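Here is a short report for a first look at this structure.

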Amino acid sequence: MMVTSKDKTDMNKQQICILGSTGSIGTQALDVIAQHSDLYEAYCLTANNSVEKLAEQARRFNPACVVIANEAHYDRLTELLSDRPDIKVYAGAEALNQVVEADPVNIVLASMVGFSGLVPTIHAIKAGKKIALANKETLVVAGELMLKLVQQYHVDLLPVDSEHSAIFQSLVGENMNEVERILLTCSGGPFRNFTHEQLKTVTAAEALKHPTWDMGAKITIDSATLMNKGFEVMEAKWLFGVPADRIQVLIHPQSIVHSGVEFKDGAVKAQLGVPDMRLPIQYAFSYPQRLPLKGERLDLFKARSLEFFEPDINKFKCLALAYEAISRGGNMPCILNAANEVANAAFRRNECTFPGMAEIIEKTMQQTAFDNNPDLDVYLQTDREAREIATRIVNNK
């Protein structure tokens with residue numbers, strides 16, 4: 001039974017449940033909470049495997065409970081917090097689903113990595129919680145289902161990705177003014193200027209050196225392949241109701257223009273700033289208000305130039321595969337996502353080459369059963385099937 005009592009919480013503060021508190025987004029969200037401790041409080045912190053870090057965060061932020069998704073770490077987490085009986089310790093996927101429904105929770109920050117974030121986010125929506133969405137895979141895999149649930153349960157879904165937050169901020173105050181195009185920027189990753197031949201020999205260690213952003217390993221590799229940008233095209237389509245052919249991807253190495261919107265009269269609005277994920281996290285928490293945020297400020301004199309380039313989808317085939325999945329619809333984005341998670345992990349284990357990731361994904365898309373009208377059960381089955389096929393492809397290589 002999950003904690004539902006209110007004796008550990010200050011009900012004058014927004015109670016936040018962070019799904020994935022030990023990752024890059026989660027740790028920066030905790031910094032936002034620390035900066036505004038008069039407004040926000042961490043009600044629950046969760047992690048998958050980072051048990052020591054989770055225990056350390058629990059000691060600092062004193063949540064009502066913690067959840068370790070990998071049940072194998074439950075005993076260790078219990079031991080680490082044995083002197084803190086006021087912090088309840090839970091484990092497993094069902095505990096994640098239950099904690100987001102806890103009565104005191106006002107905001108759920110969905111920052112778990114990959115497909116694993118889908119089901120607990122659905123539970124949070126059905127419980128009527130405000131969703132700060134950093135887990136783009138939930139919309140990639142099941143965008144139509146997610147938007148139906150958001151409308152059915154009348155919840156606020158606010159983007160945390162820097163690009164989608166920038167688009168959202170550019171749309172504030174525009175009401176029903178028609179959007180001509182969404183301008184979705186990306187840094188281009190560390191291999192933007194590499195040739196096809198050079199890409200064949202790059203290593204995971206090189207790919208993990210992102211030029212501007214500090215992110216987790218999986219998303220950093222996705223940024224290097226531009227798969228992350230393909231996911232963000234899908235996310236933008238669902239969040240803002242703009243078809244993919246009106247979402248333009250722009251390589252912007254300086255990472256200052258975080259994305260923008262072009263309206264039907266030709267006017268373009270964009271959000272600019274230094275690369276700092278705390279800003280979109282905080283804006284999702286505080287919208288429609290803007291709160292002070294400690295950190296570096298944008299100095300356009302130092303920036304000097306802002307460059308924009310068209311992505312090379314022949315060299316970075318993952319982006320082309322993402323557009324193909326968008327075009328086919330149904331459960332194909334789910335297949336794409338599952339295959340990418342397997343290929344991404346294989347590359348980090350040196351089990352395939354950088355271009356080999358796209359090959360694994362493409363073959364999985366060809367071999368996995370297609371369903372044009374999936375429900376949640378189909379998504380879950382598709383994810384399992386696609387992972388099995390992708391894993392078999394990796395092993396056969």
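## A buried lysine

Lys136 is buried, because its relative accessible area is 2%, and buried means under 20%. The model is a predicted one. Lys136 sits in a loop.

Which residues touch Lys136, leaving aside its neighbours within four places in sequence? The contacts are Asp161, Ile219, Asn228, Phe231, Glu232 and Glu235. Asp161 is 25 residues away from Lys136 along the chain. The C-alpha atoms of this pair are 7.9 Å apart.

## Two domains

The protein chain splits into two domains. Domain 1 covers 14-159. Domain 2 is made of 179-275 + 307-396. From domain 1 to domain 2, the C-alpha centres are 25 Å apart.

## Where the domains meet

How many residues of each domain are in contact with the other? Domain 1 contributes 21 residues, and domain 2 contributes 21. Together the two domains bury about 1,700 Å² between them. Carbon and sulfur atoms give 73% of that area. Three residues of domain 1 stand out: Phe115, Lys136 and Val140. They supply 36% of the area that domain 1 buries against domain 2, more than any other three residues.

Two salt bridges are counted between domain 1 and domain 2. Elsewhere in the list of pairs, the side chains of Lys218 and Glu137 form a salt bridge, with 2.9 Å from N to O.

## The sheet and its helix

Now to an open sheet of four strands. Their order is S9-S8-S10-S11, and the pairing is mixed. Strand S9 (247-251) and strand S11 (268-272) are the edge strands, each pairing on one side only. From one strand to the next, the twist averages 20 degrees.

How do strands of a sheet pair, and what holds them? They pair through backbone hydrogen bonds, either parallel or antiparallel. Strand S8 (residues 179-186) and S9 run parallel, joined by five bridges.

Note on methods. Residues numbered from 1 in each chain as written. Predicted model: local features only at pLDDT ≥ 70, side-chain atom pairs only at ≥ 80, totals over all residues. Heavy atoms only, no water. Helix = DSSP H or I, 4+ residues; strand = E, 2+ residues; numbered from the N terminus. Buried < 20%, exposed > 50% of the residue type's maximum accessible area, 1.4 Å probe, protein only. Contact = heavy atoms within 4.5 Å. Pairing = 2+ DSSP bridges. Axes fitted to C-alpha atoms, helices over the stretch in contact; angles between N-to-C directions. Domains from an automatic or database assignment. Buried area = accessible area lost by both parts, 1.4 Å probe. Salt bridge = Lys/Arg side-chain N within 4 Å of Asp/Glu carboxyl O.
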